[in-house]
Amino acid sequence: MNDVNNHTTRCVRTVAREWPSGVRIDSLFCIDREIRCFEGQYPVADGMTYNSYIVSGTACSAVLDTVDPSLVGQWLDAADRLFAGCAHTHGHPDYLIVQHLEPDHSAGIGAFMERWPECRLVCSAIAARMLPQFCPWVAADRVLVVKEGDSLDLGAASLRFISAPMVHWPEVLMTYEPSTETLFSADAFGTFGASLAETCDGSMAGYGTLWPDEARRYYCNIVGKYGKQVQSVLKKLDGTPVHTICPLHGPALTVAKFNPVPLYGLWSSCTPERPDAVAVVSASLHGNTHEAARELCDMLRADGAEAVHVALTCENVSLAVAEAFRCGAIVFMCSTYDAGIVPVMRDFLSRLASKGLRDRRFALVENGSWAPVAASQMLAEVSRLDGFTQAGQTVTIRTRLDDSSRAALKTLAGELTILR
Ligand SMILES: Cc1cc2nc3c(=O)[nH]c(=O)nc-3n(C[C@H](O)[C@H](O)[C@H](O)COP(=O)(O)O)c2cc1C
Ligand SMILES: [Fe+2]
Ligand SMILES: [Fe+2]
């Protein structure tokens with residue numbers, strides 16, 4: 001293992017918890033600090049975790065999900081040690097529960113099933129159909145298909161399956177263990193980053209400030225399109241006592257210390273967390289539009305509003321998507337580029353459409369040196385978003401702010417604040 005910046009760049013952190021009933025849950029947080037970009041497009045400066053869990057009852061044990069290719073070897077070694085060295089785990093796993101087939105969770109299936117030839121693979125019917133695409137060498141007679149409401153008895157512990165189709169793939173299952181009130185939530189309630197899972201035991205009170213920013217960016221960009229499906233799973237779970245949520249990424253969450261469900265309620269219904277806040281998102285070629293965006297933020301703040309600036313040509317678009325979900329108003333500011341919109345702004349707008357973001361106030365600011373057209377083209381894109389209503393007049397900047405465009409921006413800031 002390598003050491004970079006005092007971090008072991010790839011490692012497995014295991015946390016065990018035992019109950020007097022004889023039930024034991026081992027969490028295997030598989031930490032990757034080498035990764036720079038998740039799913040080929042989301043920067044993850046704090047790394048990434050892929051979680052796997054072992055639930056052991058008095059009679060047998062089940063492993064919930066495998067991990068990313070980058071950590072399969074270390075994860076398998078850690079699982080091996082936990083099975084070999086612990087009477088609670090009965091020496092071997094009886095079931096591998098595959099809640100989600102995406103490669104960041106399914107890469108270890110083949111090696112795991114080979115390592116424990118008596119183990120059965122448990123998954124939904126859709127996952128069983130898709131399994132050969134991900135892992136062609138698992139024999140069909142080792143696969144046990146389960147559906148909503150089915151249970152597996154482990155002795156003192158049991159696993160009840162909750163189908164969660166399209167959160168955010170079609171085959172997804174969540175799993176509930178009633179004796180410990182543990183919800184294994186698949187990708188839901190997951191987050192980017194490694195520090196929280198690396199250093200915390202899941203019961204710390206500071207999660208309210210530490211967890212939401214990256215969890216929001218994860219949710220909005222990865223799961224955000226499927227808000228309706230998230231809502232229907234939340235409805236199914238309503239009334240189920242949950243002590244701990246164990247997602248496939250990031251830390252496990254002790255609900256009494258930090259309950260993420262209300263945030264998921266807001267995100268999945270496109271309800272802004274901060275209806276009064278304004279996300280100012282700018283795309284600039286030479287910096288003048290970013291500079292105008294910074295001035296607009298100052299004007300909004302002077303008027304008492306919360307304003308956050310995302311400079312699209314410098315920062316990743318996933319951050320702008322997350323701020324668009326968080327704030328009640330969005331200002332789209334863009335230079336004219338080849339008689340059109342700067343490509344990163346087009347990308348941002350198409351992502352908002354793809355995620356189905358709705359019900360926001362918005363304003364438009366364009367820049368252009370000879371024939372500005374960015375505003376009309378942005379308007380054409382925004383018009384496709386449900387429930388977007390324009391605040392104030394479109395502001396046109398010619399190359400850089402002058403007295404007249406600055407005054408127009410000031411008026412716009414007032415409009416955005418008045419309508420709060
Ligand atoms: C590659 C390129 C293409 C441009 N195309 C146009 C254009 O079609 N129409 C226009 O009015 N200005 C155009 N401009 C000028 C910019 O829109 C203008 O200088 C810019 O709005 C200044 O703001 P900025 O510093 O934020 O980029 C172009 C500039 C560049 C670099
Ligand atoms: Fe996923
Ligand atoms: Fe995932």
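**Group meeting: a predicted model with one ligand shell**

Alanine 156 sits in the loop that joins β12 (151-155) to β13. Alanine 156 has 17 other C-beta atoms within 10 Å, so it counts as partly exposed.

Please keep in mind that this is a predicted model.

Aspartate 65 also has a positive phi, near 70°, and is likewise a residue other than glycine. Aspartate 65 is found in the loop between β8 (61-64) and α1 (72-84). Is aspartate 65 buried or exposed? Aspartate 65 is buried, because it has 26 C-beta neighbours inside 10 Å, and the cut-off for buried is 20 or more.

One more backbone point. The peptide bond from valine 167 to histidine 168 is cis, and its omega is near 5°. Histidine 168 belongs to the loop between β13 (157-163) and β14 (173-177).

Now the ligand. Around ligand 1 there are 18 residues, and the closest are Ser284, Leu285, His286, Thr289 and Gly368. Two elements, α10 (288-302) and β20 (327-337), each give two or more residues to this shell. β20 gives the most, with three residues. Sorted by class, the shell holds eleven polar residues, six nonpolar and one charged.

Last, confidence. The average pLDDT of the protein is 95, and 97% of the residues score at least 70. Residues 1-7 have a pLDDT below 50, and this stretch has seven contacts in the model beyond near neighbours in sequence.

Conventions: Residues are numbered from 1 along each chain as its sequence is written. Chains are lettered from A and ligands numbered from 1 in the order in which they are written. This is a predicted model: local features need pLDDT of at least 70, side-chain atom pairs count only at pLDDT 80 or more; totals for chains, interfaces and linings use all residues. A residue is near a molecule or strand if its C-beta atom, placed from the backbone, lies within 6 Å of it. Helices (H or I, at least four residues) and strands (E, at least two) are DSSP runs, numbered from the N terminus. Ala, Val, Leu, Ile, Met, Phe, Trp, Tyr, Cys and Pro count as nonpolar, Asp, Glu, Lys and Arg as charged, and the others, Gly among them, as polar. pLDDT is the predictor's confidence in each residue, from 0 to 100. Two residues are in contact if their C-beta atoms, placed from the backbone, lie within 7 Å. A residue is buried if 20 or more other C-beta atoms lie within 10 Å of its own, exposed if 12 or fewer, and partly exposed in between; C-beta atoms are placed from the backbone.
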